[in-house]
Amino acid sequence: MCETVRFILSAALIGVGIGCIFFAILGVFKFRFVMNRMHCAAIIDTLGVAFTLAGLMVSGVGMEYLPKLICILLILWVGSPIASHLVGRLEIMTDEDLKRHM
């Protein structure tokens with residue numbers, strides 16, 4: 001019974017993560033402005049990968065992999081906002097037609 005619940009929960013989390021990644025990729029290809037694309041790419045990093053890694057943590061792949069998955073999740077949560085901020089700042093400083101996009 002416990003294994004069945006663990007399997008269903010991990011499959012649901014991984015499915016939600018893959019769904020977030022799929023819709024975010026569609027958004028990256030749909031939008032034209034860099035800021036909108038950057039927002040979709042940030043969703044991929046935060047939501048999609050977080051749900052997928054949470055599903056892997058729940059699935060019980062082994063206790064030796066749990067700290068590694070937590071470290072990967074923390075690195076992505078720290079690195080993604082910093083990278084998005086730098087890309088947004090670069091776009092604001094270099095785009096001469098910024099008022100046209102707003």
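**View 1. Cysteine C2 and its exposure.** C2 has 55% relative accessibility and therefore counts as exposed; exposed means over 50% relative accessible area, buried under 20%, and partly exposed in between (1.4 Å probe, protein chains only). The model is predicted: local features need pLDDT of at least 70, side-chain atom pairs count only at pLDDT 80 or more, and totals for chains, interfaces and linings use all residues. Residues are numbered from 1 along each chain as its sequence is written, and side-chain values use heavy atoms, with hydrogens and water left out.

View 2. C40 is buried, with a relative accessible area of 7%. A disulfide is a covalent bond between the sulfur atoms of two cysteines. Here it is counted as a pair of cysteine sulfur atoms within 2.5 Å. The closest cysteine sulfur to that of C40 belongs to C20, and because it is 12 Å away, it is too far for a bond. The count of disulfides by this rule is zero.

**View 3. Serine S10 in helix α1.** S10 lies in helix α1, which covers residues 2-30; helices are DSSP runs (H or I, at least four residues), numbered from the N terminus. With 5% relative accessibility, S10 counts as buried. Leaving aside residues up to four places away in sequence, S10 touches G55, V58 and S59 (contact means heavy atoms within 4.5 Å).

**View 4. Leucine L26 and a nonpolar patch.** L26 is also placed in helix α1. L26 counts as partly exposed because its relative accessibility is 44%. Together with F22 and F23, L26 forms a nonpolar patch on the surface, with about 350 Å² of accessible area together. Such a patch joins nonpolar side chains (Val, Leu, Ile, Met, Phe, Trp, Tyr) within 5 Å, from residues with over 30% relative accessible area and no salt bridge (a side-chain nitrogen of Lys or Arg within 4 Å of a carboxyl oxygen of Asp or Glu). Accessible areas come from the Shrake-Rupley method with a 1.4 Å probe.

Definitions and conventions: Helices (H or I, at least four residues) and strands (E, at least two) are DSSP runs, numbered from the N terminus. Patches are made of residues with over 30% relative accessible area and no salt bridge: like charges are joined within 9 Å, nonpolar side chains (Val, Leu, Ile, Met, Phe, Trp, Tyr) within 5 Å.
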